[in-house]
Amino acid sequence: MMLERGLDFVSMPKIELHAHLTGSISRQCLHEIWEVKKAAGKTDLEDPLLVMPPGRHDYDLKTFFPLFSSYIYNLVNDAGSLEHSTKSVIRDFARDGVVYLELRTTPRAMPLAGLDKAGYVGAVLRAIEDAQEEAPMLHTRLILSIDRRNTLDEAGEVVALAKLFRDRGVVAVDLCGDPTKGDVSLFTPVLEEAKAAGLKTTIHFAEAEASASEAELSTIMSWMPDRLGHVIHVPETVKRQIAELSGIGLELCLSCNVHAKMIVGSFEAHHFGEWWRVDGPIVVPCTDDVGVFGSPLSNEWRLIQKHFNLQREEILGLARKGIDVIFAGDDERERLRGVMW
Ligand code: IMP
Ligand code: ZN
């Protein structure tokens with residue numbers, strides 16, 4: 001279906017590669033979970049629609065992380081709400097025209113609900129399997145996240161879970177979390193273990209000044225990750241290094257970076273403009289946390305067209321290039337080559 005400027009971005013089949021599960025839950029879905037728990041006397045939390053008023057998207061690095069640790073994690077705290085919210089997230093992506101989704105999540109024990117981290121991953125995978133039956137056009141894979149605040153043992157547990165659940169659709173390991181916390185060099189042995197086991201890796205990279213020291217960036221580059229997320233505060237020497245890496249994926253999250261003031265200026269100043277034409281790396285526009293920043297993937301493409309003036313063929317070509325950096329196998333790539341315009 002065509003609109004006056006050429007493309008209907010909802011109908012356009014799209015790939016989403018950087019979406020944090022909990023950050024992708026819509027406020028309406030959180031509200032529904034809250035309503036049920038409130039009626040059953042199972043929560044004292046305030047209504048999510050009051051805590052995160054619809055239309056508020058200006059969460060920055062100081063307000064963003066506490067939103068999870070002090071609120072959403074206390075609401076989505078049992079297998080039922082976890083599975084319900086996971087299905088809701090996948091349904092939202094399907095309605096937005098996403099045909100391939102890599103969701104990522106940090107395994108989290110829910111002791112009050114009797115769920116350990118393996119139980120958490122199992123519940124998410126069950127929900128993914130159910131959602132796949134409901135919306136067969138959207139295929140979903142799972143990435144397990146190591147949090148920067150993890151100990152080496154906790155990070156090792158994430159890799160062990162990724163290996164354990166590989167045959168149910170876990171494809172990779174991510175490193176995320178508050179960029180002002182932690183020392184990433186701690187994780188070198190577990191990242192090496194993940195790679196040795198044949199898992200893919202994607203790493204949050206230079207998303208804040210605090211996580212862009214020369215030491216941190218060179219440690220991460222030494223892991224030779226398959227994809228990098230954000231790629232904001234990157235010195236010229238490291239940019240040149242990335243530019244020479246043929247086939248590395250760059251997951252760029254425009255609305256998140258603008259709303260959270262992670263870049264100076266607005267959309268037209270986003271480094272998407274700098275990277276999308278560069279030959280080696282493959283740029284993939286992503287939402288990061290659509291529940292928080294409120295911009296679905298179709299809107300990210302609309303913003304790209306608006307602020308960077310890409311032509312129809314350039315947009316479709318870029319969207320299709322994303323197929324090369326998905327973490328699923330050749331069968332899935334073939335399917336996507338068939339369904340993407
Ligand atoms: P979850 O892993 O499914 O619980 O998704 C939410 C978590 O993802 C947050 O608690 C953060 O640790 C992480 N996260 C979400 N967005 C970002 C980001 O932009 N940078 C780093 N970590 C993030
Ligand atoms: Zn992220």
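Reader: Which residues come nearest to ligand 1?

Author: Thr22, Tyr73, Thr105, Thr106 and Asp289 come nearest, out of the 18 residues around ligand 1. Keep in mind that this is a predicted model.

Reader: What makes the approach of Asp289 to ligand 1 a polar contact?

Author: The cut-off is 3.5 Å between N or O atoms. A polar side-chain atom of Asp289 lies 2.7 Å from a nitrogen atom of ligand 1. That value is within the cut-off, so the pair is a polar contact.

Reader: How far is Gly177 from a nitrogen atom of ligand 1, and through which kind of atom?

Author: The distance is 2.9 Å, and the atom of Gly177 is a polar backbone atom. Again the limit is 3.5 Å, so this pair counts too.

Reader: Why does His230 count as a polar contact of ligand 1?

Author: An N or O atom in the side chain of His230 is 3.5 Å from an oxygen atom of ligand 1. The pair must be within 3.5 Å, so the stated distance stands at the limit and is counted.

Reader: How much of ligand 1 does the protein bury?

Author: Alone, ligand 1 exposes 490 Å². The protein buries 98% of that area.

Reader: Which elements supply the shell around ligand 1?

Author: Helix H3 (61-75) and strand S2 (98-105) each give at least two residues. H3 has the largest share, with 4 residues. By class, the shell has 6 nonpolar, 7 polar and 5 charged residues.

Reader: Where does ligand 1 sit?

Author: The space taken by ligand 1 is the largest pocket. To sit there, more than half of a molecule's atoms must lie within 2 Å of the pocket's grid points. Ligand 1 is placed in the largest pocket, so it passes that test.

Reader: What is the volume of the largest pocket, and which residues are closest to its centre?

Author: The volume is about 570 Å³. Of its 36 lining residues, Tyr73, Thr106, Asp147, Arg149 and Cys176 are closest to the centre. Two or more lining residues come from each of H3, S2, H5, strand S3 (139-147) and helix H6 (152-164). H3 gives the largest share, 6 residues. The lining divides into 15 nonpolar, 11 polar and 10 charged residues.

Reader: Why is a space called a cavity rather than a pocket?

Author: In a cavity a 1.4 Å probe fits but cannot get out, whereas a pocket is open. The structure holds 2 cavities of 30 Å³ or more.

Reader: What lines the largest cavity?

Author: Met12, Lys14, Ile15, Val284, Pro285, Trp301, Ala319, Gly322 and Met340 do. Its space is about 50 Å³. Strands S1 (14-20) and S8 (282-285) each supply at least two of the lining residues.

Reader: What lines the second largest cavity?

Author: The residues are Lys87, Ile90, Arg91, Ala131, Glu134 and Ala135. Helix H4 (79-95) and helix H5 (117-134) each give two or more. H4 has the largest share, 3 residues. The volume is about 30 Å³.

Reader: What makes Lys87, Arg91 and Glu134 stand apart by class in that lining?

Author: Lys, Arg and Glu count as charged. The lining has 3 nonpolar, no polar and 3 charged residues, so these are the charged ones.

Notes: Residues numbered from 1 in each chain as written. Chains lettered and ligands numbered in written order. Predicted model: local features only at pLDDT ≥ 70, side-chain atom pairs only at ≥ 80, totals over all residues. Heavy atoms only, no water. 1 Å grid on protein atoms, 1.4 Å probe; cavity = no way out; pocket = protein on both sides within 12 Å on 5 of 7 lines; lining within 4 Å. Points joined across faces, edges and corners; volume = space filled by probe spheres on them. Near = heavy atom within 4 Å. Polar contact = N/O pair within 3.5 Å; in protein donor to acceptor, adjacent residues only side chain to side chain. Areas by Shrake-Rupley, 256 points an atom, 1.4 Å probe, with all protein chains shown as cover.
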